[in-house]
Amino acid sequence: MALLTFPHLTHFPSLSSFPNTRSFSRTRRYCSMKSTGTAILWFKHDLRTDDHPALLAASTFPSLLPIYVFDHRIISRFSDETLELLLLALQDLRKSLKDRGSDLMIRFGNADSIIQKLATEVKATCVFAEQEVEYELRLIIDLLKQRLKSVTVPQGSPTIELWETPFYDVKDVQNLPSSYNEFKKLRLPVTTPLQPSESTLPGAEIELDWGVLPSYDDIKGFMTSSHRKSGENWSSIKEASAETDLRRKVLKSGDSIERNSSFGQTQSRERSGSVFVTKEGNVVGGSTNNVLNALAAYLRYLEGTARDDWQEVHEKVRASESRNGASFIGLFGPALSLGIISRRRVYYEAIKYERERNAGFLSPFGYSAATIAAAVDAVCSMEWYWLMALRNQINNDGVYSTRIWKWKGFLIEYTVAGEDGPAVLLVHGFGAFWGHYRDNIHGLAESGNRVWAITILGFGKSEKPNVVYSEVLWAELLRDFIVDVVGEPVHIVGNSIGGYLVAIVAGIWSDLIKSLVLINSAGNVIPSYSFIPLSRIQDRQTSGASWLGSRILLFYLRLRTQELLKKCYPTRVERADDRLINEILRASYDPGVLAVLESIFSFNLSIPVNFLLEDIKEKVLIIQGMKDPISDSNSKVAMLKEHCDGVIIKELDAGHCPHDEVPERVNTIICEWIVGAESNILVDCPV
């Protein structure tokens, strides 16, 4: 395990790698209005009383009403394990509020409607809600703003106060640089968490029904009912992992599986007082104090302990450290996503422990323990991507509007164009981003389609967490995006490695796909294959070779990006322009990029493309640039023709990225293909 092998990681980012990590500034106040009447505090992803600026501001009102709404638009995106964590966190939140003289109201339904009615009933003057970057949640907040205009109180209409827990002392988010290198130069101070308070909170002025905390089965029943009302029936598709579903497909086809002997095995341990509170027992959860206790154990991994609960944390660290520092996100990511603990509280505790280890001294050369580095790196990285997402939402004045979707707690950027017509999803290749389809998005939309283009995890302006990246991880992300965001079957298009990913999606979850378009796709046709090589993500440990190789590769790519990109555009070199090159270079300096590059050395590209396409051949279009410098296009086309009967192949005079090199030609081909595919669907499924 990396944490055992490298206890003193001089190659981890030093304190100077993050903006002025030594200094803290005072937390700013969030509520500037006069504190009169009743304040409603809407909890969403901030399920704590510790380090909660809005709770402090709302407590200055004569009357306070905290509320959590089980809104299917929000919780339908949660995994079963996250739902367990949610219920346990709410149980602790209610107890903490009651201990201070308040309570937590529980309601089910659309949050905007429920809070509007509640504001009318209690004559609320202010509603506190945490600032959001996720598009769907921003819509809900906008709906609430509109609804509150219809509520009349003596002071006028209730105001909505959007707040955040500031990590860096940022004065102007809108003008923050988009380059992480430039951001570091600002050396922004990190704010201090609010001190824990036991002061009595104001109560409600009228008698209210506070509601009962539901059970896990109650929540699942509520979600099932909501899906029925909205006509959705895809919830079961997300229940299994991509690895599990791919394995089922292999077994169904009758082929053998080559896999690690531990494939499919799970371990569970239950202990009294465990910080691993869910059924699967893979992540830290429960109360804020529970998470803080686990964090203390995590940071002190090198010290050893006689405490059973800390020993359990240490065992989980060893089991989840698939690459340097990955155990932190694996264990604490869900708790951070639900706001059971704040990012700056993690940072504060990590730096405090670092000072304790070094007699108050912070070395400029790195942290004294890998776990400290992992915790600090993770929360600083999370904050950077959150700030960039917020900045981009504020500055949303480009040709395309950017949106954010949160997947497993990570921020994913995408865009949408078109008002009606068939749904089309565009997936980029390695090192690219949704803007690589810059001249396809509107071209397809103007031809009568609704187009989504996504930047997958680890690329562009999407988050780059310290996880093990793999083809099945990305396929699972695309599956969930289709279910959660698009909400209907799609014509899915992929270039390069993106083509291989969409082929996996189509091969495993064919119900989500109307047709498949592969543009110079990665992956191989393997005649007469006898086994399908599968392995778990957990088994893809980072080696010393991949650690070194990723750093050499990053240096090489930064040095040669322009040259390499232009080679991919042999017929129209000018299309490899500064806009494309600069964004690829900008993203290469983002925190977490090395974790993505390390994944290159463990990719499994050996699942045969002909295996993935065997059940959907009539729905597949291959667009192949015949001057591709990365692969032998003539050989690939010949193999596809021989072993993939039924697929349609279009050969173009272009390189590796025909969609961007000759966008007009590719747009025409795809639009004609979609029209034909839609006609076939109507024939097969007459109304």
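The model is predicted, so local features need pLDDT of at least 70, side-chain atom pairs count only at pLDDT 80 or more, and totals for chains, interfaces and linings use all residues. Residues are numbered from 1 along each chain as its sequence is written, and side-chain values use heavy atoms, with hydrogens and water left out. The count comes to 6 cavities of 30 Å³ or more. H12, H13 and H14 each supply at least two residues to the lining of the largest cavity.

**H11 and H12**

- Helix H11 spans residues 308-320 and helix H12 residues 326-337; their axes come within 8 Å and cross at roughly 120 degrees. (Helices are DSSP runs of H or I, at least four residues, numbered from the N terminus. Axes are lines fitted to C-alpha atoms over the stretch in contact, with angles from 0 to 180 degrees between N-to-C directions.)
- That angle makes H11 oblique to H12. (Under 35 degrees counts as roughly parallel, over 145 as roughly antiparallel, 65 to 115 as roughly perpendicular and the rest as oblique.)
- H11 passes H12 in a right-handed crossing. (Right-handed means the near helix is turned clockwise from the far one by less than a right angle.)
- Lys-316, Val-317 and Ser-320 of H11 touch Ala-326, Ser-327 and Leu-331 of H12. (Contact means heavy atoms within 4.5 Å.)
- These contact residues divide into 3 nonpolar, 2 polar and 1 charged. (Ala, Val, Leu, Ile, Met, Phe, Trp, Tyr, Cys and Pro count as nonpolar, Asp, Glu, Lys and Arg as charged, and the others, Gly among them, as polar.)

**H10 and H13**

- The axes of H10 (residues 288-299) and H13 come within 11 Å and cross at roughly 40 degrees.
- H10 is therefore oblique to H13.
- This crossing of H10 and H13 is right-handed.
- From H10, Leu-292, Leu-295 and Leu-299 meet Arg-345, Val-346, Glu-349, Ala-350 and Tyr-353 of H13.
- The contact of H10 with H13 has 6 nonpolar, no polar and 2 charged residues.

**Largest cavity**

- The largest cavity has a volume of about 410 Å³. (A cavity is a set of points on a 1 Å grid over the protein atoms alone where a 1.4 Å probe fits but cannot get out; lining residues have an atom within 4 Å of a point.)
- Its lining holds 24 residues, with His-45, Glu-130, Leu-336, Arg-343 and Trp-386 nearest the centre.
- H14 (370-394) gives the largest share of the lining, 3 residues.
- The lining divides into 7 nonpolar, 7 polar and 10 charged residues.

How values were computed:
1 Å grid on protein atoms, 1.4 Å probe; cavity = no way out; pocket = protein on both sides within 12 Å on 5 of 7 lines; lining within 4 Å. Points joined across faces, edges and corners; volume = space filled by probe spheres on them.
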